[in-house]
Amino acid sequence: MRIDIATLFPEMCETVLDTSIVGRARKAGKIQLFCHNIRDYSPDPKHHRVDDSPYGGGKGMVMQPEPIYRCYLDIIRQSQSLPHVIYMSPQGKTLTQQKALSLREYPHLLLLCGHYEGVDERILTRIVDEELSIGDYVLTGGELAALVVVDAVARLCDGVLPASECFENESHMNGLLEYPQYTRPEVWEGDAVPDVLLSGHHARIEQWRRAQSLERTARKRPDLLK
């Protein structure tokens, strides 16, 4: 899978994409991740300007369509493929685990990060396939949201995690929250690991985990049970 990020701050994204599980998968070639500086595509060679004041008045600046469109065309040229384009926006549908699973099926994603007061509506109409949000709040730019999407999708791709079992029982994968997890020491500060997890009885352990998932979901996220 290939994921491109079009942004004004590629260095911000690269720092995250080169670390932890995603970074290791990137270096191993399990997933292709590229960041593109929209300023590099500005028609203004001297100042690399990519924004201007909005028509109709108002505070703030709006990102111009031409630099974004040039970046988009260059990504198509580099990849020799047509990406599924997502604009990171508080107006978009909220990212869920099921959405991450569906995005995994695309061979090529392009995440467009807005800034300032957003981007010219004409570029959204021209190239964007869908808008996506990570919550009902506003960030200063789309970079943090794009990185969340990359992490959520990339870890589901083949070879990024050791096996599919690493995510199949996680929260939101089957409509429930994940059961509690424990590790050594067996007793910590007088608090012991539940006996069932030490029993070696796999059927009983699975039954306990299922019951814990149901109880935890009912207590923390009763809306999911509906």
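The expected span of a helix is 1.5 Å times one less than its number of residues, and helices here are DSSP runs of H or I with at least four residues, while strands are E runs of at least two, both numbered from the N terminus. This is a predicted model, in which local features need pLDDT of at least 70 and side-chain atom pairs count only at pLDDT 80 or more, while totals for chains, interfaces and linings use all residues. Residues are numbered from 1 along each chain as its sequence is written, and side-chain values use heavy atoms, with hydrogens and water left out.

**View 1**
Helix α8 covers residues 202-220, and at 1.5 Å a residue its 19 residues should span 27 Å; the end C-alpha atoms lie 26 Å apart, which agrees.

**View 1. The open parallel sheet.**
Five strands form an open sheet in the order β2-β1-β6-β5-β7, with parallel pairing. Two strands pair if DSSP finds at least two bridges between them. Strands β2 (32-37) and β7 (130-133) stand at the edges with a single partner strand each, so one side of each is left without a neighbour in the sheet. On average, neighbouring strands of this sheet are turned by 35° against each other, direction ignored. The axes behind such angles are lines fitted to C-alpha atoms, for helices over the stretch in contact, and angles run from 0 to 180 degrees between N-to-C directions.

**View 2. Where β5 meets β7.**
Zooming in on one pair, strand β5 (residues 84-94) joins β7 in the parallel sense over five bridges.

Helix α1 (residues 10-17) lies across β1 (2-7) and β2, and runs at about 160° to β2. Helix α6 (residues 143-154) lies across β1, β2, β5, β6 (108-113) and β7, running at about 160° to β6.

**View 3. The buried side of α1.**
Within α1, the buried residues are P10, C13 and L17. They cover an arc of only 65° around the axis, which puts them on the same side of α1. E11 and T15 are exposed on the other side of α1. What do the buried residues of α1 pack against? Their neighbours are β1, α2, β2 and α6.

In helix α2 (residues 20-27), V22, G23, A25 and R26 are the buried residues. Their arc of only 165° around the axis puts them on the same side of α2. S20, R24 and K27 are exposed on the other side of α2. The buried residues of α2 pack against α1, β2 and α6. Just after α2, G29 takes a positive phi of about 80°.

K99 forms a salt bridge (a side-chain nitrogen of Lys or Arg within 4 Å of a carboxyl oxygen of Asp or Glu) with E130, and the closest N and O atoms are 2.8 Å apart. The pair links distant parts of the chain, with K99 in helix α4 (residues 97-103) and E130 in strand β7, 31 residues apart. K99 is partly exposed, with a relative accessible area of 22%, whereas E130 counts as buried at 17% relative accessibility.

**View 4. Further salt bridges.**
How many salt bridges does a search of the whole structure find? The search finds 14. One of them joins the side chains of R49 and D52 at 3.5 Å, N to O. R49 counts as partly exposed at 39% relative accessibility, and D52 is partly exposed at 33%. Another brings together the side chains of D223 and R221 at 2.9 Å, N to O. Elsewhere, salt bridges that share partners join E14, D18, R26 and K27 into one network.

Note on methods. Contact = heavy atoms within 4.5 Å. Buried < 20%, exposed > 50% of the residue type's maximum accessible area, 1.4 Å probe, protein only. Arc of directions from axis to C-beta.
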